[in-house]
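Student: Can we go through this one together? Start with a term I will need.

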Amino acid sequence: YSVDAHRTDLMTITRFVLNEQSKHPESRGDFTILLSHIVLGCKFVCSAVNKAGLAKLIGLAGETNVQGEEQKKLDVLSNEVFIKALISSGRTRILVSEEDEEAIFVEPSKRGKYCVVFDPLDGSSNIDCGVSIGTIFGIYMVKDGHEPTIEDVLQPGKNMVAAGYCMYGSSCTLVLSTGTGVNGFTLDPSLGEFILTHPDIKIPKKGKIYSVNEGNAKNWDAPTASYVEQCKFPKDSSPPKSLRYIGSMVADVHRTLLYGGSFLYPADKKSPNGKLRVLYEVFPMSFLMEQAGGQAFTGKQRALDLVPTKLHERSPIFLGSYDDIGEIKALYAAES
Ligand code: AHG
Ligand code: MN
Ligand code: MN
Ligand code: MN
């Protein structure tokens with residue numbers, strides 16, 4: 001066998017973050033500890049997802065969540081796993097989860113300086129059919145020295161210090177940005193370590209794919225409708241684009257990040273603010289897109305400039321390749 005079989009200079013996510021930390025001598029390692037607990041949660045959910053079919057985790061948990069969605073057992077399990085992991089890190093102050101109506105204020109003895117907003121299981125409608133699902137998270141620093149309140153969380157996405165997602169698919173891939181670019185790590189189950197497999201991800205400037213639920217076309221506004229029309233029937237001689245829509249944001253965004261193109265969840269007459277939630281879906285994915293050289297737009301403004309007023313607030317979102325989103329921005333500008 002080649003000597004590579006025993007390459008032990010592997011760059012694990014832990015070593016990678018420690019290297020990053022060494023660039024901030026003032027850092028006391030709090031972020032590294034927080035991240036290691038998020039990574040632990042991802043490993044646990046990854047193994048639960050892989051065993052879901054066998055462990056009878058498939059199917060409904062019999063309750064509905066604040067979103068009015070049927071909660072599948074994996075939704076409930078992954079929510080509990082991340083809440084426990086984050087609180088036990090001793091580095092968090094406030095937690096906001098898609099699955100909990102109210103924010104979780106960590107007890108004083110376990111408080112740290114970070115607020116974590118997260119979607120413990122994204123794409124849950126795809127659990128039973130084995131399509132990729134994921135976890136999405138964003139991290140804010142919270143000014144300490146006062147009792148934590150909701151105001152500490154309602155910050156624009158541009159204030160995030162880190163964001164990422166873990167996709168539970170054919171492999172378990174964790175994509176992370178701490179504000180200096182985007183890096184992807186793949187779980188090596190034999191080592192139980194996330195190994196750096198996608199260093200310094202940059203999204204192609206322009207793509208050949210658009211990703212939207214065409215089933216909502218009847219209710220789209222004019223700029224969205226004309227953008228999609230142009231993807232199908234280009235005015236110039238360029239070939240039509242391909243439509244790829246998985247229905248798990250994590251999977252659709254991961255493909256967009258690697259292959260380029262645009263991902264859209266527009267507003268429509270039925271849902272004037274679209275469907276995706278600002279704090280734990282729109283912001284983390286927009287943060288990653290900008291860090292990878294792409295753009296993220298709400299139809300009115302740069303997504304990361306939005307200031308949320310409610311925990312589970314929704315926003316339309318157009319994100320992806322710089323040029324593709326530029327076209328959408330031009331169409332909305334022309335309409336306003
Ligand atoms: P979640 O499973 O966390 O509630 O998120 C589901 C979201 C997102 O993953 C995906 O992009 C979107 O729902 C798909 O919505 P449609 O089925 O309406 O297209
Ligand atoms: Mn949901
Ligand atoms: Mn989601
Ligand atoms: Mn979810």
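Tutor: A polar contact is a pair of N or O atoms within 3.5 Å; within protein, one must be able to donate a hydrogen and the other to accept it, and residues adjacent in sequence count only if both atoms are side-chain atoms. This is a predicted model, where local features need pLDDT of at least 70, side-chain atom pairs count only at pLDDT 80 or more, and totals for chains, interfaces and linings use all residues. Residues are numbered from 1 along each chain as its sequence is written, chains are lettered from A and ligands numbered from 1 in the order in which they are written, and side-chain values use heavy atoms, with hydrogens and water left out.

Student: Which backbone oxygen lies 2.8 Å from a polar atom of the Arg93 side chain?

Tutor: That of His146.

Student: Is Arg93 buried or exposed?

Tutor: Arg93 is buried, meaning under 20% relative accessible area, with a 1.4 Å probe and protein chains only. Arg93 has no salt bridge, which would take a side-chain nitrogen of Lys or Arg within 4 Å of a carboxyl oxygen of Asp or Glu. The nearest side chain of opposite charge, Asp152, is 5.3 Å away.

Student: New topic. What coordinates the manganese ion (ligand 4)?

Tutor: Glu98 (OE), Asp119 (OD) and Leu121 (O), at 2.0 to 2.2 Å. Donors are N, O and S atoms within 2.8 Å of the metal (3.2 Å for Na, K and Ca); water is not among the atoms, so sites may look incomplete.

Student: Which residue bridges ligand 4 and the manganese ion (ligand 2)?

Tutor: Glu98, and the two ions lie 3.6 Å apart.

Student: Why does Asp119 count as buried?

Tutor: Because its relative accessibility is 0%. Leu121 is also buried, at 0%.

Methods: Buried means under 20% relative accessible area, exposed over 50%, partly exposed in between (1.4 Å probe, protein chains only). Lys and Arg count as positive and Asp and Glu as negative; His and the chain ends are not counted.
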